[in-house]
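I opened this notebook to record what I looked up in one structure. The entries run from the whole chain down to single residues.

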Amino acid sequence: MSNTLLIAGCGDVGSRLGQQLTVLGWTVYGLRRNVAQLPPSIRPVAGDLHNSACPVAWPSAPLEYVVYCAAATEHNEAGYRAAYVDGLRHVLAWLAQHGQQPKRLLFVSSSGVYGQQLGEWVDETSPADASSYSGRIMREAEQLAWACGLAASVVRLTGLYGPGREWLLGQVRQGYRAVSEPPLYGNRIHVDDAAGLLAFLLQADARGVALENCYIGVDDQPAPLHEVVAWLREQLGVSHWSEQSTVRRAGSKRCSNARARALGWMPLYPSYREGYRAILQQL
């Protein structure tokens with residue numbers, strides 16, 4: 001019997017996840033507003049996570065797994081609450097409405113829940129007490145997932161990059177600088193590895209492997225931003241510097257993927273070098 005998965009908020013990462021699993025024989029439903037953008041292998045469920053009314057095309061088949069993978073369309077407190085807390089609450093209500101009890105819920109969260117700023121190493125047991133509204137609301141959504149009555153794991157993704165997510169390349173081409181002292185550590189994961197981690201966790205659960213309630217999605221080598229910028233300048237052949245502009249980022253911490261690796265997961269792109277090299281080859 002194939003496993004059945006619903007991806008709620010099936011955007012870039014969700015579509016990559018769905019494609020990885022359909023190849024392995026999974027039946028995958030993708031819920032999003034514009035289903036025309038879904039890959040053909042993913043079964044469309046047109047719906048709006050902001051609306052409490054259950055989508056008409058909600059699957060009637062039993063759902064073994066649900067991945068909640070929404071993205072805020074408005075980057076303010078109300079937008080975050082609508083996307084992560086209210087949207088998750090709606091999906092849980094729709095599952096209950098249809099008498100569906102998935103084996104596990106994966107809630108895709110963010111390393112933005114961590115408030116560390118001094119380059120500390122962070123893992124799943126570290127305090128997650130970011131004071132920003134985004135961090136606070138994401139923590140609230142995580143608590144909702146853990147308390148929902150289903151087996152639930154939270155996956156805290158770090159900075160996503162990959163095809164179509166080339167913001168830093170644009171900054172480097174313009175000659176933006178990055179401060180070197182103190183070093184500003186950044187954490188990243190290629191979009192294919194983000195989807196791959198979610199697929200890995202779902203397959204592990206389906207095999208009966210006991211999952212933890214939280215995992216960090218990050219590559220093997222958190223790196224200081226000035227080092228990444230210097231490497232990208234060399235790859236792009238950029239020699240000029242912008243007069244005033246610097247690459248800005250908030251916080252500085254180093255996230256560990258030791259828990260996911262201990263389960264057997266390995267990133268395809270272990271550092272920014274492999275990931276950005278692959279992007280540059282496609283440009």
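**Entry 1: the chain.** I noted at the start that this is a predicted model. I looked up the secondary structure and found 8 helices and 13 strands in the chain. The radius of gyration came next: it is 19 Å, close to the 19 Å that the globule rule gives for 283 residues, so the chain is as compact as a globular protein of that length. Along the principal axes, the C-alpha atoms fill a box of roughly 60 × 40 × 35 Å.

Entry 2: I looked up how much of the chain is covered, and 54% of the 283 residues count as buried. The chain exposes about 12700 Å², of which carbon and sulfur atoms supply 49%. I then took the contacts with a separation of 6 or more, and residues 24 or more positions apart account for 77% of them.

**Entry 3: helices α2 and α3.** Two packed helices are described by the angle between their axes and the distance between the axes. I looked up both values for helix α2 (residues 77-97) and helix α3 (residues 133-146): the axes come within 9 Å and cross at roughly 5 degrees. Angles under 35 degrees count as roughly parallel, and α2 and α3 are therefore roughly parallel to each other. Which residues meet here? On the α2 side I listed Glu77, Tyr80, Arg81, Tyr84, Val85, Leu88, Arg89 and Leu92. On the α3 side they meet Tyr133, Ser134, Arg136, Ile137, Met138, Glu140, Ala141, Leu144 and Ala145. I sorted the residues of this contact into 11 nonpolar, 1 polar and 5 charged.

**Entry 4: Val67.** I found Val67 in strand β4 (residues 65-68). Is Val67 buried or exposed? Its relative accessible area is 0%, so Val67 is buried. Setting aside neighbours within four places in sequence, I found Val67 in contact with Leu5, Leu6, Ile7, Ala8, Leu17, Leu106, Val108, Leu198 and Leu202. I also checked Gly275, 208 residues away from Val67 along the chain, and their C-alpha atoms are separated by 25 Å.

**Entry 5: Leu169.** I placed Leu169 in helix α4 (residues 167-173). Leu169 counts as buried because its relative accessibility is 0%, and the cut-off for buried is under 20%. Apart from neighbours within four places in sequence, Leu169 is in contact with Leu232, Leu236, Tyr276, Ile279, Leu280 and Leu283.

Key
Residues are numbered from 1 along each chain as its sequence is written. This is a predicted model: local features need pLDDT of at least 70, side-chain atom pairs count only at pLDDT 80 or more; totals for chains, interfaces and linings use all residues. Side-chain values use heavy atoms; hydrogens and water are left out. Axes are lines fitted to C-alpha atoms, for helices over the stretch in contact, and angles run from 0 to 180 degrees between N-to-C directions. Helices (H or I, at least four residues) and strands (E, at least two) are DSSP runs, numbered from the N terminus. Angles under 35 degrees count as roughly parallel, over 145 as roughly antiparallel, 65 to 115 as roughly perpendicular and the rest as oblique. Contact means heavy atoms within 4.5 Å. Ala, Val, Leu, Ile, Met, Phe, Trp, Tyr, Cys and Pro count as nonpolar, Asp, Glu, Lys and Arg as charged, and the others, Gly among them, as polar. The radius of gyration is taken over C-alpha atoms; the globule rule is 2.2 Å times the number of residues to the power 0.38. Buried means under 20% relative accessible area, exposed over 50%, partly exposed in between (1.4 Å probe, protein chains only). Accessible areas come from the Shrake-Rupley method with a 1.4 Å probe; for residues, only the protein chains shown count as cover.
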